[in-house]
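Open the structure in a viewer and keep the selection panel at hand. The tour goes from one selection to the next and says what is there.

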Amino acid sequence: METCVQETKDLLSVYTDDEILNTRQMTDPTMIMAMKFLGKLELGMAQIMPESAPYVMQRIIQLSLLHGMSPVSPIGFVHLGSYIAKLGDISEGYHYVKLARSLLDKVGSRESAGEVICTGTHIRSYIEPLQATLEYHNEGYAAAMASGDIIQAALNNMFSCGSSLFAGVNLQTTRDKCAELCIFLYERKMLIFMMNAKYFQHSVFKLIGTDEKPTDVSAEEEKILTTNKSVVRTYNYQKAYTSFTFRLYDDSKHYAEKYLDCVDSTWANLVLRHAFQAFHMGLISFWLARKSREQRWYERGERSKLALKKWAESSKWTFENKWYLLEAEESYCNNDFEVAKLFYEKAISSAKEHKFVHEEALACELAGYFYVEVRDTEQAMEYFLLAHEKYHEWGAFGKCDSLFKNISQSVRGREVHH
């Protein structure tokens with residue numbers, strides 16, 4: 001993948017952005033059809049054969065430069081930006097994403113707008129404040145529907161729901177968006193997307209505390225859950241996330257291990273959920289490391305911390321508080337308590353400043369458990385009360401109810417231990 005991306009960057013290095021934007025239009029009907037085929041191939045390859053997908057992107061760009069820009073050309077440039085960002089250079093990836101958006105206006109057609117906006121929004125979310133990007137997927141959904149691209153409409157819709165959860169939008173609003181998404185997918189018989197959406201929906205229900213029973217699982221769904229890597233990955237991540245949120249240690253460990261078994265089969269593109277999965281897996285890993293004393297979990301947590309630190313360089317707004325919280329949890333693991341205290345406070349302040357109410361709640365809760373450990377119960381209770389207030393503000397009433405039980409177990413466990 002790296003070689004192909006570098007070759008494409010070298011190819012483009014002799015062109016200015018203005019030269020690319022003012023390249024003549026493609027007129028050869030055969031070539032236009034070939035480009036449409038490549039455009040359809042790009043998305044599928046990115047999901048199914050991620051190592052090969054960049055070669056499709058490269059061919060789209062080569063043909064665009066040789067024969068002129070077509071409505072498919074922006075797809076090549078936006079995927080190039082996504083691959084560059086996935087390889088670690090968020091800033092340069094962002095440059096090509098913006099170039100792809102500008103190309104949309106130049107090619108005289110919006111037929112690829114849904115995909116360009118969808119793919120590009122993920123990269124923009126690593127640079128721009130996350131809350132400011134929430135409307136982009138709505139724009140992508142509208143563009144995809146206008147051009148009859150149901151796949152991209154579904155993807156924009158799904159990622160919009162995910163971004164709402166990650167951004168700390170009120171959970172009742174996210175629940176309603178998710179219900180609309182599930183209806184959209186059900187009516188169009190998009191089963192794999194539907195399964196991913198249902199697992200996400202169950203997490204939202206659990207956080208809110210509604211007694212929503214999962215629908216019966218069909219034989220076809222059972223088969224997909226054992227064979228489709230995307231579905232398996234989503235299922236295990238959502239289970240690990242909710243288990244951690246509700247402090248279920250054994251389940252957190254079980255589903256984290258299952259998730260990590262398939263994480264390497266991820267898409268070629270960088271998407272927003274990669275950062276949040278890394279964040280939550282890092283928190284889970286440091287918790288497991290403290291409990292189990294297994295070095296592998298400590299190393300896993302440290303990898304997540306370094307990833308979030310890197311992303312915080314691109315967007316302090318979105319990732320700084322997450323990096324700080326992982327620093328706090330790592331310091332806790334190392335018995336470096338004074339440093340841990342500093343980073344818990346920095347994580348809480350950063351989450352508050354950048355309007356991530358759910359992560360302000362989480363940082364307060366984890367700080368509370370830390371202060372129970374160092375036998376400062378008064379300070380712990382202050383943090384727990386603030387966590388409860390912020391979870392309630394988010395709409396996580398189910399989490400609020402479980403928090404009291406977790407606190408009493410934690411305090412009792414510490415008293416028995418000593």
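Begin with the second largest cavity, whose lining has 7 nonpolar, 6 polar and no charged residues. Here Ala, Val, Leu, Ile, Met, Phe, Trp, Tyr, Cys and Pro count as nonpolar, Asp, Glu, Lys and Arg as charged, and the others, Gly among them, as polar. Select Leu-43, Thr-119, His-122, Trp-267 and Asn-269, which lie nearest the centre of this cavity among its 13 lining residues. Its volume is about 80 Å³. Helix H5 (73-86), H7 and H9 each supply at least two residues of this lining.

Before the next stop, some ground rules. The model is predicted, so local features need pLDDT of at least 70 and side-chain atom pairs count only at pLDDT 80 or more, while totals for chains, interfaces and linings use all residues. Residues are numbered from 1 along each chain as its sequence is written, and side-chain values use heavy atoms, with hydrogens and water left out. Helices (H or I, at least four residues) and strands (E, at least two) are DSSP runs, numbered from the N terminus. Spaces are found on a 1 Å grid over the protein atoms alone: a cavity is a set of points where a 1.4 Å probe fits but cannot get out, and a pocket is an open set with protein on both sides within 12 Å along at least five of seven lines. Lining residues have an atom within 4 Å of a point. Grid points are joined across faces, edges and corners, and a volume is the space filled by probe spheres set on the points.

How many cavities of 30 Å³ or more does a search of the whole structure find? The search finds 2. For the largest cavity, select Tyr-241, His-280, His-358, Leu-362 and Trp-394, the residues nearest its centre out of 14 in the lining. The volume of the largest cavity is about 160 Å³, and its lining divides into 10 nonpolar, 3 polar and 1 charged. H9, H13, H15, helix H19 (357-373) and helix H20 (377-394) each give at least two residues to it.

Now go to the largest pocket, with a volume of about 1,000 Å³. Select Leu-43, Gln-47, Leu-155, Phe-193 and Trp-267, which lie nearest its centre among 45 lining residues. The lining of the largest pocket comprises 20 nonpolar, 17 polar and 8 charged residues.

Select H9 itself, residues 150-167. Helix H9 has 18 residues and reaches 25 Å from its first C-alpha to its last, close to the 26 Å expected at 1.5 Å a residue; the expected span is 1.5 Å times one less than the number of residues. In H9, 16 of the 18 residues are buried. Buried means under 20% relative accessible area, exposed over 50%, and partly exposed in between (1.4 Å probe, protein chains only). Just after H9, Gly-168 takes a positive phi of about 80°.

Next come the rings. Rings of Phe, Tyr and Trp (its six-membered ring) pair if their centres lie within 6.5 Å; planes under 30 degrees apart count as stacked, over 60 as edge-to-face and the rest as tilted. The count by this rule is 21 aromatic pairs. Select Phe-166 and Phe-276, a stacked pair at 4.1 Å centre to centre with 10° between the planes. Phe-166 is in helix H9 and Phe-276 in helix H15, 110 residues apart. Both Phe-166 and Phe-276 are buried. Then select Tyr-332 and Phe-337: their ring centres are 6.4 Å apart and their planes at 65°, so this pair is edge-to-face. Tyr-332 counts as buried because its relative accessibility is 9%, whereas Phe-337, at 26%, counts as partly exposed.

Last, select Lys-189, in the loop between helix H10 (171-187) and H11. Phi of Lys-189 is near 55°, a positive value in a residue other than glycine. Most residues other than glycine have a negative phi. Is Lys-189 buried or exposed? Lys-189 counts as exposed because its relative accessibility is 74%.
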